[in-house]
Amino acid sequence: MTENLPHWMPAEASQATINIILLGVILSTSIFADAIAHRTRIPRISILMLVGIGIAFIQQVWMGNQNDDVLGGLSEPLIQLALVMVAFMLGSELELRRLRNTGPLILVISLFVIIGGGVLVGAGLLALGFPLVVAVSLAAISVATDPAAVSESVRERGSAGLVPRILLGIVAIDDAWGIVVFGLSMSVLGWVIGGDGQLALLHAMWELGGAILIGVAVGLPAAWLTGRLKSGEPTQVEAIAIILLLAGLSSLLGVSALLASMIAGSLVANLAHHHTRSFREIEHIEWPFLVFFFVLSGASIDLYKVDDAILLTLAYVVLRLAGRVLGGYFAVMFSPARHEALPRNIGLALTPQAGVAIGMALLAAERFPEFRDSILPVVVASTIVFELVGPVLVKKVLR
């Protein structure tokens, strides 16, 4: 376990010991991030991402460990747990009593943003002369939004009202749209290029259907069993148990943990009528994991690939941003019943992009390895841009 440790560390220092120290350092940075955020207009999420990128620079450029996990394999489970917590909380926004008023609006805006943004990215890249596989893959990947960045920006802003509810509702269903669009896109590309479209379609169907099954299998018992030991209020042990089950089962079966968690959270919110504070315990433990998520997401970026395909990266960033803005604008225009309460630039609040997009890029690179060096660097570089700028844009829309 010590072969990857820096030369200046004693040989007896184990990887577990180093991990404990690094986790303490990462959590300590959140204190400084909070202090800087309170004194400036910079969101603390962006500050944490910059800390992660700084760690990546030290590790990859200074120490020369380009492909090593900063925590020796512990980063991925921590990132997964943070995303599952966020997704479970977002699922609670999908209560039927709330969706009676905002549901149609959420659906209209999300469809306009997804369709408009995806079409603009794909058509724009094709018009600029990039290969079909690259254009379609990046168009499908552009659909993904980082739910953690959006929800944390809303919470940090402390906003209430229609716009925050709409934004949280959109990112709550965004993962489902992303899986469907990406799966269908890979299926069509596989059929057009290599004839393996049926396999890609089956994989997408299982990822979607399997996530629904796990969400129901965990959410239904949780809705009935939790909140019984302590009247109306699930204990912290119950909350952690649900999160670990969702993360572990989803990883074991190879399905979307985000979608499974959203479904479970929605079931608990709608069916656990005896709950009075059903998600309070997760809120109490969520922030430390989000700190790990944003710092480790920045630290996991391969900086050696960022400067590849600069023109393609620039085109993708501009087209995705334009697609989100135009999609949100037309969605508000075609929603006359409530459009006066919505900002025309609502699409700007849906620009953050992180782990889900990188995961899709890895799948696309695995499916079409000859285009790996075109797809991966673009998504990595654009993720840095959107994760740093995205929270600022979310706050701008909320203002």
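This is a predicted model: local features need pLDDT of at least 70, side-chain atom pairs count only at pLDDT 80 or more; totals for chains, interfaces and linings use all residues.
Visitor: Is Ser-250 buried or exposed?

Guide: Check the relative accessibility against the cut-off. Buried means under 20%. Ser-250 counts as buried because its relative accessibility is 1%.

Visitor: What does Ser-250 touch, beyond residues up to four places away in sequence?

Guide: Leaving those out, the list is Ile-214, Val-255, Ser-256, Ala-257 and Ala-260. Ala-260 turns up again in a core of 26 residues.

Visitor: What about Gly-248, is it buried or partly exposed?

Guide: Gly-248 is also placed in helix H9. Its relative accessible area is 37%, so it is partly exposed. For its place in the fold, take a C-alpha distance. Gly-248 and Gln-80 lie 168 residues apart in sequence, yet 9.3 Å apart in space.

Visitor: Where is Thr-226 found?

Guide: In the loop between helix H8 (197-225) and H9. A loop residue can be checked for cover like any other. Thr-226 has a relative accessible area of 7%, so it is buried. Its C-alpha is 6.6 Å from that of Glu-238, twelve residues away in sequence.

Visitor: Which residues are in contact with Arg-324, leaving aside neighbours within four places in sequence?

Guide: Read the list by sequence stretch. Val-113 and Gly-117 are on it.

Visitor: Now the cores. Which residues have the most contacts inside the largest nonpolar core?

Guide: The general idea comes first. In soluble globular proteins, nonpolar side chains tend to be buried together. In this model the largest nonpolar core has 31 residues, and Leu-125, Leu-138, Ile-141 and Ile-375 have the most contacts inside it.

Visitor: Which helices each supply at least two residues of this core?

Guide: H4 (96-127), H5 (132-141), H7 (162-194), H12 (310-333), H13 (355-367) and H14. H5 gives the most, with seven residues. There is also a second, separate core of 26 residues, which includes Ala-239, Ala-260, Leu-267 and Val-268.

Visitor: How many residues of H5 are buried?

Guide: Eight of the ten, so H5 is largely enclosed by the rest of the structure. They are Val-133, Val-134, Ala-135, Ser-137, Leu-138, Ala-139, Ala-140 and Ile-141.

Visitor: What is Leu-125 in contact with, its neighbours within four places aside?

Guide: Phe-130, Val-134, Ala-135 and Leu-138 are among its contacts. Leu-312, Ala-315, Tyr-316 and Leu-319 are too.

Visitor: Is Leu-184 buried or partly exposed?

Guide: Leu-184 counts as partly exposed, because its relative accessibility is 44%. Leu-184 is in helix H7. Its C-alpha is 8.9 Å from that of Ala-140, which is 44 residues away along the chain.

Visitor: How do I read a helix such as H14? Where does H14 bend?

Guide: H14 covers residues 372-398, 27 residues in total. From first C-alpha to last it reaches 37 Å, close to the expected 39 Å. The bend is about 35° at Gly-390, and a proline, Pro-391, follows within four residues. H14 is mostly covered, with 19 of its 27 residues buried.

Visitor: Zoom out. How many helices and strands does the protein chain have?

Guide: 14 helices and zero strands. Of its 399 residues, 53% are buried. For contacts, look at sequence separation. Among those between residues at least 6 apart, 83% join residues at least 24 apart.

Visitor: What is the accessible surface of the protein chain?

Guide: About 17,800 Å², with 68% belonging to carbon and sulfur atoms.

Conventions
Residues are numbered from 1 along each chain as its sequence is written. Side-chain values use heavy atoms; hydrogens and water are left out. The expected span of a helix is 1.5 Å times one less than its number of residues. The bend at a residue is the angle between axes fitted to the seven residues ending there and the seven starting there. Buried means under 20% relative accessible area, exposed over 50%, partly exposed in between (1.4 Å probe, protein chains only). A nonpolar core is a set of buried Ala, Val, Leu, Ile, Met, Phe, Trp, Tyr and Cys residues joined through side-chain atoms within 4.5 Å. Contact means heavy atoms within 4.5 Å. Accessible areas come from the Shrake-Rupley method with a 1.4 Å probe; for residues, only the protein chains shown count as cover.
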